[in-house]
Amino acid sequence: MTADLDRKGTIVSLESIQDGEIGILDLDGGVNPEINGDGMPRQFNWLSTLGISFSITNSWAGYMSNFGQILAYGGPRLVIFGSICAFAVQIIVILGLSELASAFPSDQVEEILSVRGRMYVCLSMVDSDVGCTAPDLSIDKALMIVADLPVSRWLRPPLRVYKVNWTVHTALFLSLTGMALIITISLGMCQEKQPVSFLLQKGYGTSGWNEGTAWMLGIMNTMYCMTGIDAAIHISEELPQPEKRVPQAMTMSVILSLATCLPLSVALMFCMSDMEAVINSELPSLEVMYQATKSKGVTTFLSVWLLVVYAASIPSQWVTCGRVAWALARDINSPSARYFAKVDDKLKFPVRTTVASFGFVAIYSLLYLVSSGAFNTITNSAILFLHITYVVPQGILLMKGRAGALPFRYLKLGCLGYLCNAFVILWIVILGVFVCLPLGLPVEAESMNYTAPVLIGLFGLVILLWYGLGRVAFQGPQIDRDMMQEVNSALFPAMDAHLDLTLPSTCPELQQSSDANWDDASFALYSMIELSSEELEKLTTALNRDWKREMTDEAMPLVRTPTVYDFSGKSLRDVVQAHVELDKEFTPRDDGGAEGDIHWYPTAFVVVTTREWEEKGLLLVYADVEEKECPMDKFFFHIDNANILLSSLNFGDESPSSSKFNWEMGHGVNAGMDE
């Protein structure tokens, strides 16, 4: 899309898509114009999206900090089965939200549905992370009120964002490794384990509530550890195929929540020797790990690892809170909003909203110095505020009619969608009641739950902001839904219609039998359309630009054209046969290593299918030599991802099939093409 689009009154047209301004089926391009220049690059893949989503949720780490209160509500049985109940609720909630994220792959899923439903409300949005709801503990939680700026978690200064991918991968690794370490070390060092009957016995609750109410309160606490699962939505515009990847990451993060919380809770309950000491401890996680290991050194090591896991989640939170503030600012027609809607031309991310969020959080955190009870009450309300944002768009969708409101999408729930949307409406009523109950009985001023007045006060503030500012300045994303429906259902191809892109089912001839080195191999570039020498030079320059910056002058180009590269008027099968017959430029070696070097990548090549390759992508064709008989496959990728995709293949960091999973363009271009 053109970078200078004016948001005010702009309606995306079908002609703009046909002219190549908007990527087909790349719906975030259809609802979210780039702001002030080139906007933000698509820097995240599926794994880093999952890393952001799960590092913010970090359910098992959150469970470690608040299971003491859950233990007080219902004993070991609730600690174990509470995670299963919370998972059942959250998977229903997230399925409904994932369908919306698939239909409207945007930073503003909740906002889009609210605007389309004529419900002009400033929603309260909460970006929560690991924390605890036990009394007398300070809680690091994120509360974000949609006005002009969000409030995210009370954090230390954010890390440099150009290492975000590496950081979130590391956070995911540290989290899963830490969970495994705590389970294995606790079980391995525990000398006296509890019998199974202890884990299943009822009557251990000490909160003063009856068993049914105590269980519901315990489940609420457990759900607190599974919040923030919508984080992937907030980087939709920086992710290839967001209509697929975002729902996948959100759903997988909920599954990971159960997969980490359940075994951890079972292991810790088996190893717990003094339940009363754990409940009364200011740090239940520290107490239960010490009871399991009986070693101060090991307990300190595990606690430090847990602290590192908490710290590693910080960059993910700053990524998401800055993006949410930026997404809102660009839809507000005011000088201050336009200032914050600026994406830094050099760093390619919204620096101003991220810094502003940090400043707002710093001021907000001063509330803790005035009243820790008030601070904890607001942060303890995170689960309710988050679920309000999940419920409002799904409720609007149900009232408007799913069939008429949702365009063609990757994730289609069908009849299950009605169940999910209706369930969240019922659930928010139940949740709202139990979240507002006191933590225990009898009720005292110090232990009173002030969530209800806080909720009323915040909604009052939001209403005042809306009538004072939002009603005048807030525009919302401009969407032509009928156009989106037409585009999506038609599945316009991203190549000339006459091209024959069918592949042979297998091609074992592409497999290299000799022990050859491919490190210096170039990818062959073929064209199935007529390209002038200037057009071809422009394309090869674009493909090799980043590669030349990273490699030495002596390095072979990453992509080059063979002597015979023009296959206009021919089929993709002809290109495959030509690549089989291509002289791979084998050079023998006598250094005792490989038999020799080949200078053409043998099992994959790139094909040009349209002159609009900058918007509509290039085709990567490959033979999966790891499978029997070398099955053939193909996918389209964006030119901006060419260097990381092809170099990863060249260095052996990715297989072609995993590259397809990570980098395939979300344009439906392969529909109906294969045999």
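I began with the sheet, which is open, has five strands in the order β5-β4-β8-β9-β10 and shows mixed pairing (two strands pair if DSSP finds at least two bridges between them; strands are DSSP runs of E of at least two residues and helices runs of H or I of at least four, numbered from the N terminus). I noted that its edge strands are β5 (559–560) and β10, each of which pairs on one side only.

The model is a predicted one, in which local features need pLDDT of at least 70 and side-chain atom pairs count only at pLDDT 80 or more, while totals for chains, interfaces and linings use all residues. Residues are numbered from 1 along each chain as its sequence is written, and side-chain values use heavy atoms, with hydrogens and water left out.

I then followed the pairings. Strand β4 (residues 522–527) runs parallel to β8 and is joined to β8 by five bridges, with Leu525 of β4 having Val606 as its bridge partner in β8. Strand β8 (residues 600–608) pairs with β9 in the antiparallel sense over four bridges, and here Phe605 has Val621 of β9 as its partner. Between β9 and strand β10 (residues 632–637), which run antiparallel, I found six bridges, and Leu618 stands opposite Phe637 in β10.

Which way do the residues of β9 point? Leu618, Leu620 and Tyr622 point one way, and Leu619, Val621 and Ala623 the other, and all are buried (under 20% relative accessible area, with exposed being over 50% and partly exposed in between, for a 1.4 Å probe and protein chains only). In a regular strand the side chains alternate between the two faces of the sheet.

Next I looked up two helix pairs. Helix α6 (residues 164–189) and helix α9 (residues 242–271) pack at an angle of about 25°, their axes 9 Å apart (axes are lines fitted to C-alpha atoms, for helices over the stretch in contact, and angles run from 0 to 180 degrees between N-to-C directions). Among the residues making the contact are Leu176 and Met179 of α6 and Pro263 and Leu264 of α9 (contact means heavy atoms within 4.5 Å).

For the second pair, I recorded that the axes of helix α18 (residues 382–400) and helix α20 (residues 415–435) come within 9 Å and cross at roughly 145°.
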